[in-house]
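Reader: Hi! Could you walk me through the charged pairs in this one?
Author: Happy to, let's take a look together.

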Amino acid sequence: MNSQTVYAEGKGSIDVQLTPDEALALTGVEFNGNHKIKTEAQRKIRSAFEKRFDFQSPAR
């Protein structure tokens, strides 16, 4: 991976609001082939990380 992560304030927490179905989907529960539930949960988590941490490409 060609990225550098700068952590704000050391080890902190990230708050993400998930529906019960989204939380279950992240544990591996499948909802009759509906992958949108898991995808939406992953998108929320990724978005929270991007807001919390500064991801930068290393200088070349």
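Author: One term to begin with: buried means under 20% relative accessible area, exposed over 50%, and partly exposed in between (1.4 Å probe, protein chains only). This is a predicted model, where local features need pLDDT of at least 70, side-chain atom pairs count only at pLDDT 80 or more, and totals for chains, interfaces and linings use all residues. Residues are numbered from 1 along each chain as its sequence is written, and side-chain values use heavy atoms, with hydrogens and water left out.

Reader: Thanks! Is Lys44 buried, exposed or partly exposed?
Author: Lys44 is partly exposed, because its relative accessibility is 22%.

Reader: And what does its side chain meet in a salt bridge?
Author: The side chain of Glu22, at 2.9 Å from N to O. A salt bridge here is a side-chain nitrogen of Lys or Arg within 4 Å of a carboxyl oxygen of Asp or Glu.

Reader: Which parts does that tie together?
Author: Lys44 lies in helix 2 (residues 36-52) and Glu22 in helix 1, so the pair links parts 22 residues apart in sequence. Helices (H or I, at least four residues) and strands (E, at least two) are DSSP runs, numbered from the N terminus.

Reader: Is Glu22 buried or exposed?
Author: Glu22 counts as buried, because its relative accessibility is 6%.

Reader: Switching topic, how many salt bridges are there by this rule?
Author: Two. Arg43 also forms one with Glu40, with the closest N and O atoms 2.5 Å apart. Both lie in helix 2, three residues apart, about one turn of the helix.

Reader: How accessible is Arg43?
Author: Arg43 is partly exposed at 42%, and Glu40 is partly exposed at 28%.
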